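Here is the note you asked for on this model, written as numbered points for someone who has not looked at it before. Please read it with the structure open beside you.

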Amino acid sequence: MRDDDAGALVVAGVPAPRVAAEHGTPAYVLDEGEFRARARTYVDAFGRAFEAVGTGVDVYYAGKALLTKAVARWAREEGLRVDTASGGELAIALAAGVPGAELGLHGNNKSDAELAAALDAGVGRIIVDSFGEIDRLADLAAARGVVAPVMVRVTTGVHAGGHEYISTAHEDQKFGLSVNAGPEGGDSPAVLALLRILERPSLRLLGIHSHIGSQILDAAGFAEAARTVLRLRAHLGIRTGVLVDEVDLGGGYGIAYLPQDTELDPSQVAREIAEAVAEACAELGTPLPRISIEPGRAIVGPAGITVYTVGTVKPVLVTADDGSTFTRLYVSVDGGMSDNIRTALYGAAYHAEIANRRSDAPLALVRVVGKHCESGDIVVDEVLLPGDVRPGDLLAVAATGAYGRSMASNYNLLTRPPVIGVHEGATRVLVRRETVEDLLALDVG
């Protein structure tokens, strides 16, 4: 929203110029109320949908999108569990007070130290991703005299989502074990993994996990993946008498990054997935499993913006493919690919606005770029901004709550921005800004 007097962008009752004055730029700004509301929406929508077909659902917040101690607490307070993908994420969630039983641990290459930490914390589920991990985890659990609760991540062959790098259920990639048999027939890698777990007394098979991609905007892929996983579940039941209790359908629920985008409707997609699960189980003659899902971006993405200060503004004459020319205004900000790598990495599209004032100037074609030594250091590839944008203006980039901070780097030795929580007109530092002293403290050479 805009402040009526100054025309500044206001988030949770806090004007952007106030954030900049109190905390500097660049800064990640996270709306606590928006995060909580979106978390409740997913819990309520999926809870109602699966209750209607006769089973329950657990919603795990995918911490890889953004995990701080405050974020983990917000998620838990709104009824979510927390999914982690590394020892570091696990440590943050535990430090936030999330009980181990409400945590999951993902990862295609977990170290023994990470697995040991999960066992020692009593993590509620460890999602195994390879045969080697199954054996290592079984040995670590046996040495501790505990039984590790595990799920097997499988690849269903269902492709969904945006960029190739965030579509995670096809065969030629690092995650999971295929449900498809090899060219010589026989059991699939997924079946062999499930059988191996059942042979190890120090492992308890909770269920089967599937994740098909990211930034998915309809339910069709989820529904098809669910049918595939449920067939695998039924096959294992017939083969061994073990019908696993839980099926996890992963995350990847899409959001609106641009003003013209249509966001996925959680209630609709929940109903469609629930109906597909119920129909598949009826056809297979199996009882419904408990379902779990893992939204991350869908909860935190729209709750965050990044506020920058404009520096250099440079008009550039561009020759188009047809030989015509036009002017593109390059607007440089005081961050860039070190605080948002997604544009360079995935070609992700974002929207930006002047955040400190209102302008009636004619719109100009703008490319928002960072201050790094890379031509690909682009924050927003193309946006229309008032042509009078100038040094000292604040620029806000929307929907950066997910994967901005969590994928941030110190490229060119820039310090990473703070995460500033805003709520009911107040600000507070959730993660402080890095300093040059932090950089020097790490360099012990």
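Predicted model: local features only at pLDDT ≥ 70, side-chain atom pairs only at ≥ 80, totals over all residues.

1. Residues are numbered from 1 along each chain as its sequence is written, and side-chain values use heavy atoms, with hydrogens and water left out.

2. Four of the five residues of strand 19 are buried, where buried means under 20% relative accessible area, exposed over 50%, and partly exposed in between, with a 1.4 Å probe and protein chains only.

3. Strand 19 pairs with two other strands, a pairing being called if DSSP finds at least two bridges between the strands. Strand 3 (residues 27-31) runs parallel to strand 19 and is joined to it by four bridges, with V29 as the bridge partner of I420. Strand 20 (residues 426-431) pairs with strand 19 in the antiparallel sense over five bridges, and here I420 stands opposite V429. The hairpin of strand 19 and strand 20 has two residues between the strands, and E424 takes a positive phi near 50° in it.

4. The whole structure holds 27 salt bridges, a salt bridge being a side-chain nitrogen of Lys or Arg within 4 Å of a carboxyl oxygen of Asp or Glu. In one of them, E78 pairs with R40, with the closest N and O atoms 3.3 Å apart. The two residues are 38 residues apart, E78 being in the loop between helix 3 (69-77) and strand 5 (81-84) and R40 in helix 2 (residues 32-53). E78 counts as buried because its relative accessibility is 15%, whereas R40, at 37%, is partly exposed. Both belong to a network of salt bridges that links E32, R36, R40, E77 and E78.

5. Is the pair of R125 and E246 made of buried or exposed residues? R125 has a relative accessibility of 1% and therefore counts as buried, and E246, at 12%, counts as buried too. Their closest N and O atoms are 3.0 Å apart in the salt bridge. The pair links distant parts of the chain, 121 residues apart, with R125 in strand 7 (residues 125-128) and E246 in strand 11 (residues 246-248).

6. A further salt bridge joins D187 and R239, with 2.8 Å between the closest N and O atoms. D187 lies in the loop between strand 9 (177-178) and helix 7 (189-199) and R239 in helix 8, so this pair ties together parts 52 residues apart in sequence. D187 is partly exposed at 30% relative accessibility, and R239 is partly exposed at 41%.

7. T319 is in strand 13 (residues 304-319) and counts as exposed, with a relative accessibility of 56%.
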